[in-house]
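Colleague: I am new to this one. Could you take me through the structure by question and answer?

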Amino acid sequence: MRFVFKTRYDQDIDLARHSGDRLWYGLLLVLLVLAPAWLSEYWLAQLTFILIYGIVGVGLMLLAGYTGLFSLGHGAFLGVGAYTETVLASMGWPFPLSLAAAAGLSAGVGAVVGLPALRVKGIYLAIATLAFGFIVEEILARWESVTGGNAGKVVPTIDVFGWQADTAPSFYFVCLIVAVLATLAVLNLLRSPTGRAFVAIRDSEISAQSMGIHLAHYKTLSFMVSAALAGVGGALYAHQIRFLSPDQFGILQSIDLLLMIVIGGLGSIHGAFLGAAFLITMPQLITLGKDWLPGAVAEATGLQALVYGVVLIAFVLFEPMGLYGRWLKLRTWFDLFPFYRAGMFRRQKSFQKSERLR
Amino acid sequence: MQVLQLLVSGIAQGCIYGLIALGFVLIYKATETVSFAQGELMMLGAFIGLMLMAVLGFPFWLAVLAAICAMALLGIALEFAVIRPILGQPAFSIVMLTIGIGYVARGAVTMVPVFGTETHTLPVPYRNEIVQVGGLVIAVEQLVVILATAALSALLYAMFRFSKIGIAMQASSQNQLAAYYMGIPVKRLNGLVWGLAAAVAAIAGLLLAPITFVHVNMGFIGLKAFPAAVVGGFGSLPGAIVGGLIIGVVESMSGFFLPEGFKDVAAYVVVLLMLVIKPNGLFGENLAKKV
Amino acid sequence: MSGTLLSVRDLTVHFGGVLAVNGVSFDVPEGGVFTLIGPNGAGKTTVFNLISRIYTPTSGTIEFDGARLDRAPPHRIAELGIARTFQNIELFEHATVLQNLLIGRHVHRRSGFWNELVFTPRVRREERETRRKVEEVIDFLDLQHYRETMVAGLPYGVRKVVELARALCMQPRLLLLDEPSSGLNVEETGDMAFWIEDIRDDLGITVLMVEHDMSLVSKVSDRVLAMNQGEVLAVGTPEQVQNDPAVVEAYLGTADDATSLRRVA
């Protein structure tokens, strides 16, 4: 079992808590870099999806998990990023520029969507984001001259001043680099005053204000960063699926994103990637499990919905800390072996308090 | 005349939104949780009615009553099994759980061999009948919706305003622990509320079925009921109905007068406008934390 | 002592039909402890909330070191150098004590968003400095044991101290304490009295507090103001106010009052 004896502030400030962290994350990075060598083409594509959804998840985690602002329309930012990237790439823009533009435009839309957050809270804000989500989806569908409407739009390959990411491994590396940079950027934010301001807003707005935190500024910032990340994810998503249509960015996508961060574990960056892994691999697991189910059940179109629903309910009931929480408990068990005590992570019985009066 | 016709269909549609919104305002008023499962509960109510009427051959009124009771029991069971254990957790987790319930409901319905993903008709006695009032042609289905909604709203309003149960429900939504200390049977009350909300959803489903037919995705209409509840002011029962009516009428009018596509987003534009003008809705309360 | 730090003139606020604060005027001299006393509902916390801009006054002015406060946005108050604690503790429940205190240093941040995104060496240096300052406050209030504990798991007495610590991390010029001893036992109240004196003497911070515990008030206050029903009753030294007949009648009571309540056999 490892005790960290702290003698310098840097040990608290650094991202890695001790050399063990550096070792394991380093190994993970090596594994990911070598992925095209040891994964089949199919699984490499799935891993690429996980990275893409992970980027979006990190953004949504920042907004919902750390700032406490729940967005039911996040799929819209994904769509804005995807279509911006596609339109600009079709016009011949180099990838870094079009990606930056996708992020920037999504951030702009995020600022607009965040306007209600300055006046309303809780369920009202959630419904406002839901409304924006529907409106943006409709705009994407109607603005046919730009987006191709419901007929769809073909996505060109990534072009960086001549070098093209037209093979699966090369596209995978692009996604890996963007994912690592995005995650590091958000982790940096979280360990600086801005990240702390977000957490303050989540826990007590009145208190945060009396600490000098400008609520409107930080709430808008949170929306913008979160939307920008979703836009980046959307841009990569467009290249991965090669053909866009507006219905991919509607309410079902938004709920999928929320499902992802809840199952992954609210309030942790690991949770975003774990949730993304769950979201992408669940359909495969369901297909594998179909052999054990009776005919009518296995063939039903609603099987995936049923399994998702049951898993979601199970996680909220039994594992509110999500997949990351379960991992933490597992790791603590190994760390403390054989002294792990059954009640270590037990939640106190909580009574419901009114959130209107929070 | 055209406008009046649009108005009537808007009011009828709005009543449906209002009824679904009524369901989640009920749950919100009593337990301060938001349930995204109301749309799916409505769908289940319609399917139960379908099964009783078309498959088992029950007479109309018996099927309606049985469907409502069955849904009420389902609501109580849901609350007992799934909602009760998690009260006290942050509101967002509970919302996600109700979304999960919705998924399960949709998935489960497709697995019943008779239903699947097809569209079914509900064999109501007043199907395809119309009534002429002045120059207006009103489908009896719409009339039934409007009258039933009015009756139900009046009943519920009276209950919350004047009965002990209503006041107890409001108390436990504001501070559950204090409600326990005051001897309010919080758990039983919550079960009752969910049963009531499910019953209201069942009524909405049975009223809507003749108009839109019964199919597994009919619950998505429930999403439009959220703007209705917000416009009226979350936490206000009359507000839910009024909000629903406003959304219904605006939708109906914009379908006719505005270019294509506006009808689908009309509800959402209205709710955003309301949040700008009057963030707490028409009848909502303006609560601020006192420090 | 130097001049007036905070100056309140004819402060009035209506809530609907209720006149919560009516024409209140007082001056808080720099470097002392100024206490507001009065029965519940007198408007003392309302005055605090007006100063920290949670409410907007209907009329009247508040001046802090020459700057007009009464129309400033709430987050400006901290930037000007005013910190406060709350009657019903408003800590960040899902964060550790250390994180709460770090948030208290927010007004002193110098680097911007883009620097933080990349975590430049300058941001790292500022982080170290922030943590050093926070450690000074932790030492001052003996919170070392609780540094890594989640606030949600702390006992009430410790939370009050953490609230005080968080306010001190701001390095304010004026500290507003809302009922610092409420809910504390005798020993904890004694500690609080020592800390308030140290804050005034060692840290040079002016303290404006609302308090009900009259022994604490007499022990640490330099000036006392008594309020009742939104208006000022009396102002002066602790002895002067405690003996003022109007204050005695409205709030403090006399020995006779107590005996009249005694049960006659």
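This is a predicted model: local features need pLDDT of at least 70, side-chain atom pairs count only at pLDDT 80 or more; totals for chains, interfaces and linings use all residues.

Modeller: Residues are numbered from 1 along each chain as its sequence is written, while chains are lettered from A and ligands numbered from 1 in the order in which they are written.

Colleague: Which element gives the most to the side of chain A that touches chain B?

Modeller: Contact is set by C-beta atoms, placed from the backbone, that lie within 7 Å. By that rule 45 residues of chain A meet 48 residues of chain B. The elements of chain A that give two or more residues are α7 (122–142), α13 (251–264), α15 (295–299) and α16 (303–318); helices (H or I, at least four residues) and strands (E, at least two) are DSSP runs, numbered from the N terminus. With 11 residues, the one that gives the most is α7(A).

Colleague: How many residues on that side of chain A are nonpolar?

Modeller: Ala, Val, Leu, Ile, Met, Phe, Trp, Tyr, Cys and Pro count as nonpolar, Asp, Glu, Lys and Arg as charged, and the others, Gly among them, as polar. The side of chain A that touches chain B has seven polar and seven charged residues, and its nonpolar residues number 31.

Colleague: What distance separates the centres of the two domains of chain C?

Modeller: The bounds come from an automatic or database domain assignment. Domain 1 of chain C is 1–81 + 172–257, and domain 2 is 90–170. Nine residues of domain 1 are in contact with seven residues of domain 2 in chain C. Taken over C-alpha atoms, the centres of these domains of chain C are separated by 26 Å.

Colleague: Is C:R53 buried or exposed?

Modeller: C:R53 is found in the loop between α1 and β4 of chain C. Its phi is positive, about 65°, although C:R53 is not a glycine. A residue is buried if 20 or more other C-beta atoms lie within 10 Å of its own, exposed if 12 or fewer, and partly exposed in between. C:R53 has 21 such atoms within 10 Å, so it is buried.

Colleague: And A:R242, buried or exposed?

Modeller: A:R242 is found in the loop between α12 (215–241) and β4 (243–244) of chain A. Phi of A:R242 is near 65°, a positive value in a residue other than glycine. Because A:R242 has 11 other C-beta atoms within 10 Å, it is exposed.

Colleague: How far apart in space are B:G219 and B:I20?

Modeller: B:G219 is found in the loop between α8 (186–212) and α9 (222–232) of chain B. B:G219 counts as buried, with 25 C-beta neighbours inside 10 Å. B:G219 and B:I20 are 199 residues apart in sequence, but C-alpha to C-alpha they are 9.9 Å apart.

Definitions and conventions:
Two residues are in contact if their C-beta atoms, placed from the backbone, lie within 7 Å.
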